[in-house]
Amino acid sequence: MVISLLTNEEAIEEVYFGPHGLSQGDIQGKVFIEMSTVKPAKQQEMAPRVEALGAGYLECPVSGSVGPAKEGKLIGFVGGNAATLDKVHALLSQICRRVEPVGPHGAGAMMKLAVNLPLMVYWQTLSEALSLIAPLGVDPQRVVDILSDSSGGPNMLKVRGGMIAQALAGEKNDMVTVNLATMRKDVRTMVEQGTKNGFAMPLTQITLDHLNQAIDQGLAGADCSQFPVWWLAQRAH
């Protein structure tokens, strides 16, 4: 079994089919579990190419980041053949508290995008919420604690609240959990997939526009907790 979890479609292509890629070796009988967050169409394209070489292929993007991964508490969204999943279910259960088969190849990517979309948009809504209370001058740690303990506090705020408070207070923290470039890649994919399905994506598009602006100002590698800081610095710009 081989697990891959990569940044984007170009990386997947290189790792699997580049001159030194996985496909260059003997992969007969192996099962590849591809966990990257990419377009559904990419997973639909990858599966037959790998399977033609005599290997099994599943997509299994996951919900959760570093903390849940260390604790084996990710949620995996599996797209692919049920018989192939049976072969690797025990392994996936070691890193995922839930292994959810959701359909054929591409279905896992669709589910992952749906799960991440409210989170991505929440960064924008959190930033706007903070702008309402900016004149109060309340300590950032108190603000985050209040929001986390209210209906305005999703799980993300409870998990990343400490880093957000540090960022708002101007305290330096070099840790990067998810950077803005990765967020933009995922949000762009969400907009494209929604459009492909025949739906307008107004809130997601606004979030993408603002991520573009932040990245244009040099924040591509910044942690997601820096997005509210960037927003508050914009004022009415």
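I began with helix α8, where I found Leu180, Met183, Arg184, Lys185, Asp186, Val187, Thr189, Met190, Val191, Gln193 and Gly194 buried (under 20% relative accessible area with a 1.4 Å probe, protein chains only; exposed is over 50%, partly exposed in between). Helices here are DSSP runs of H or I, at least four residues, numbered from the N terminus.

The model is predicted, so I noted its limits: local features need pLDDT of at least 70, side-chain atom pairs count only at pLDDT 80 or more, and totals for chains, interfaces and linings use all residues. Residues are numbered from 1 along each chain as its sequence is written, and side-chain values use heavy atoms, with hydrogens and water left out.

Next I looked up the packing. The buried residues of α8 pack against α2 (40–51), α5 (107–133), α9 (202–216) and α10 (226–234); contact means heavy atoms within 4.5 Å.

I then checked the start of α8. A side-chain oxygen of Asn179 comes within 3.2 Å of the backbone nitrogen of Ala181. Just after α8, Gly198 has a positive phi of about 90°.

Which residues have the most contacts inside the largest nonpolar core? They are Trp123, Leu126, Ile164, Leu180 and Met183, in a core of 25 residues. Such a core is a set of buried Ala, Val, Leu, Ile, Met, Phe, Trp, Tyr and Cys residues joined through side-chain atoms within 4.5 Å. I saw that α5 gives the most to this core, with six residues.

Last, I followed Met183. Leaving out residues up to four places away in sequence, Met183 touches Met120, Trp123, Val178, Leu211 and Cys224.

Key. Helices (H or I, at least four residues) and strands (E, at least two) are DSSP runs, numbered from the N terminus. A polar contact is a pair of N or O atoms within 3.5 Å; within protein, one must be able to donate a hydrogen and the other to accept it, and residues adjacent in sequence count only if both atoms are side-chain atoms.
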